[in-house]
Amino acid sequence: MRTGKRIARQQIGRMLQLARRTMKEDAESAMSYAALARRISMSSRVPIPRFYRRQYCKACKRFFLPGVNSRVRLRQRREPHVVVTCGHCGKHMRFPTRLRRKKDVRSKD
Ligand SMILES: [Zn+2]
(Lines give C-alpha, C1' and ligand atoms only; values in the text may rest on other atoms or scores of the structure.)
Protein backbone atom coordinates (compact mmCIF):
# COMPACT_ATOMS: atom_id res chain seq x y z
CA MET A 1 0.00 0.00 0.00
CA ARG A 2 1.25 3.36 -0.90
CA THR A 3 0.36 6.67 0.56
CA GLY A 4 -0.23 8.07 -2.92
CA LYS A 5 -3.89 7.29 -2.50
CA ARG A 6 -4.65 10.39 -0.58
CA ILE A 7 -3.05 12.55 -3.22
CA ALA A 8 -4.87 10.62 -5.91
CA ARG A 9 -8.17 11.22 -4.11
CA GLN A 10 -7.43 14.93 -3.91
CA GLN A 11 -6.53 15.07 -7.58
CA ILE A 12 -9.64 13.19 -8.57
CA GLY A 13 -11.77 15.56 -6.53
CA ARG A 14 -10.12 18.57 -8.06
CA MET A 15 -10.50 17.28 -11.60
CA LEU A 16 -14.15 16.46 -11.08
CA GLN A 17 -14.80 19.87 -9.61
CA LEU A 18 -13.10 21.49 -12.55
CA ALA A 19 -15.13 19.37 -14.91
CA ARG A 20 -18.33 20.49 -13.23
CA ARG A 21 -17.30 24.09 -13.22
CA THR A 22 -16.25 24.21 -16.84
CA MET A 23 -18.90 22.03 -18.39
CA LYS A 24 -21.16 24.93 -19.22
CA GLU A 25 -18.57 27.14 -20.86
CA ASP A 26 -16.13 24.62 -22.19
CA ALA A 27 -17.50 21.16 -22.69
CA GLU A 28 -14.33 19.83 -24.22
CA SER A 29 -12.17 20.77 -21.28
CA ALA A 30 -14.73 19.39 -18.88
CA MET A 31 -14.64 16.08 -20.70
CA SER A 32 -10.87 15.90 -20.54
CA TYR A 33 -10.82 16.79 -16.84
CA ALA A 34 -13.30 14.04 -16.20
CA ALA A 35 -11.35 11.59 -18.32
CA LEU A 36 -8.24 12.48 -16.37
CA ALA A 37 -10.02 11.92 -13.08
CA ARG A 38 -11.05 8.51 -14.33
CA ARG A 39 -7.51 7.68 -15.36
CA ILE A 40 -6.13 8.70 -11.97
CA SER A 41 -8.85 6.68 -10.33
CA MET A 42 -7.94 3.57 -12.26
CA SER A 43 -4.20 3.82 -11.90
CA SER A 44 -4.36 4.59 -8.19
CA ARG A 45 -7.35 2.33 -7.55
CA VAL A 46 -9.12 5.12 -5.78
CA PRO A 47 -12.80 4.99 -6.65
CA ILE A 48 -14.60 7.96 -8.13
CA PRO A 49 -16.89 9.43 -5.46
CA ARG A 50 -20.37 8.02 -5.68
CA PHE A 51 -21.88 11.38 -6.48
CA TYR A 52 -19.81 11.57 -9.63
CA ARG A 53 -19.93 7.96 -10.62
CA ARG A 54 -23.34 8.29 -12.12
CA GLN A 55 -22.05 10.99 -14.41
CA TYR A 56 -20.05 8.51 -16.43
CA CYS A 57 -21.64 6.33 -19.05
CA LYS A 58 -21.42 2.73 -17.98
CA ALA A 59 -20.93 1.58 -21.54
CA CYS A 60 -18.59 4.05 -23.21
CA LYS A 61 -17.21 5.70 -20.04
CA ARG A 62 -17.78 9.20 -21.23
CA PHE A 63 -18.58 11.99 -18.83
CA PHE A 64 -22.12 13.23 -19.12
CA LEU A 65 -22.67 16.86 -19.73
CA PRO A 66 -26.32 17.55 -19.06
CA GLY A 67 -27.93 18.95 -22.16
CA VAL A 68 -24.81 18.42 -24.24
CA ASN A 69 -24.23 14.73 -24.65
CA SER A 70 -26.81 13.23 -22.39
CA ARG A 71 -30.50 13.37 -21.76
CA VAL A 72 -31.92 13.26 -18.29
CA ARG A 73 -35.52 12.31 -17.70
CA LEU A 74 -37.34 11.96 -14.45
CA ARG A 75 -39.85 9.15 -14.32
CA GLN A 76 -42.48 8.64 -11.72
CA ARG A 77 -43.80 5.32 -12.86
CA ARG A 78 -43.37 2.53 -10.35
CA GLU A 79 -40.51 3.84 -8.31
CA PRO A 80 -39.34 7.36 -9.02
CA HIS A 81 -36.15 7.21 -10.96
CA VAL A 82 -33.97 9.19 -13.26
CA VAL A 83 -33.19 7.93 -16.72
CA VAL A 84 -30.01 9.16 -18.28
CA THR A 85 -29.43 8.52 -21.96
CA CYS A 86 -25.90 8.66 -23.27
CA GLY A 87 -25.58 10.85 -26.33
CA HIS A 88 -22.69 8.82 -27.66
CA CYS A 89 -23.73 5.20 -27.43
CA GLY A 90 -27.41 5.61 -26.60
CA LYS A 91 -27.18 3.56 -23.44
CA HIS A 92 -29.90 4.14 -20.87
CA MET A 93 -29.11 4.18 -17.20
CA ARG A 94 -31.61 4.27 -14.43
CA PHE A 95 -31.02 5.71 -11.03
CA PRO A 96 -33.61 5.49 -8.29
CA THR A 97 -34.19 8.87 -6.78
CA ARG A 98 -35.10 7.40 -3.45
CA LEU A 99 -32.03 6.58 -1.46
CA ARG A 100 -33.77 4.09 0.77
CA ARG A 101 -32.87 0.69 -0.62
CA LYS A 102 -32.68 -2.74 0.79
CA LYS A 103 -29.21 -3.46 -0.38
CA ASP A 104 -27.53 -0.29 0.64
CA VAL A 105 -24.18 -0.25 -1.04
CA ARG A 106 -22.24 1.99 1.20
CA SER A 107 -19.22 3.58 -0.29
CA LYS A 108 -15.90 2.83 1.24
CA ASP A 109 -14.86 6.40 1.77
ZN1 LIG B 1 -22.19 5.91 -23.63
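Leucine 18 is found in helix H1, which spans residues 4–22. The model is a predicted one, in which local features need pLDDT of at least 70 and side-chain atom pairs count only at pLDDT 80 or more, while totals for chains, interfaces and linings use all residues. Residues are numbered from 1 along each chain as its sequence is written, and side-chain values use heavy atoms, with hydrogens and water left out.

Leucine 18 counts as partly exposed because its relative accessibility is 26%; buried denotes under 20% relative accessible area, exposed over 50%, and partly exposed the range in between (1.4 Å probe, protein chains only). The C-alpha atom of leucine 18 is separated by 8.8 Å from that of serine 29, a residue 11 positions away along the chain.

**Overall architecture**

The protein contains 3 helices and 3 strands, arranged along the sequence in the pattern α-α-α-β-β-β. Helices (H or I, at least four residues) and strands (E, at least two) are DSSP runs, numbered from the N terminus. Of the 109 residues in the protein, 30% are buried. The accessible surface comes to about 8,500 Å², and carbon and sulfur atoms account for 50% of this area; accessible areas come from the Shrake-Rupley method with a 1.4 Å probe, and for residues only the protein chains shown count as cover. Among contacts between residues at least 6 apart in sequence, 44% join residues at least 24 apart, where contact means heavy atoms within 4.5 Å.

Threonine 85 is placed in strand S2, and phenylalanine 95 in strand S3, residues 92–96. Threonine 85 counts as buried because its relative accessibility is 10%. Phenylalanine 95 is likewise classed as buried, since its relative accessible area is 12%.

With neighbours within four places in sequence left aside, threonine 85 is in contact with Asn69, Ser70, Arg71, Gly90, Lys91 and His92.

| Residue pair | Separation in sequence | C-alpha to C-alpha distance |
|---|---|---|
| Threonine 85 and asparagine 69 | 16 residues | 8.5 Å |
| Phenylalanine 95 and histidine 81 | 14 residues | 5.3 Å |

**Loop residues with positive phi**

Lysine 61 lies in the loop between helix H3 (50–53) and S1. Although lysine 61 is not a glycine, its phi is positive, at about 65 degrees. Lysine 61 is partly exposed because its relative accessible area is 40%.

Arginine 78 is located in the loop between S1 and strand S2 (81–86). Its phi is near 50 degrees, a positive value in a residue other than glycine. Arginine 78 is exposed, as follows from a relative accessible area of 82%.

**Positive surface patch**

Which residues form a positive surface patch? The patch is formed by Arg71, Arg73, Arg75 and Arg77. Patches are made of residues with over 30% relative accessible area and no salt bridge, with like charges joined within 9 Å and nonpolar side chains (Val, Leu, Ile, Met, Phe, Trp, Tyr) within 5 Å. A salt bridge is a side-chain nitrogen of Lys or Arg within 4 Å of a carboxyl oxygen of Asp or Glu. Arginine 75 belongs to strand S1, residues 70–75. Arginine 75 counts as partly exposed because its relative accessibility is 39%.

Definitions and conventions: Lys and Arg count as positive and Asp and Glu as negative; His and the chain ends are not counted. The place of a charge is taken as NZ of Lys, CZ of Arg, CG of Asp or CD of Glu.
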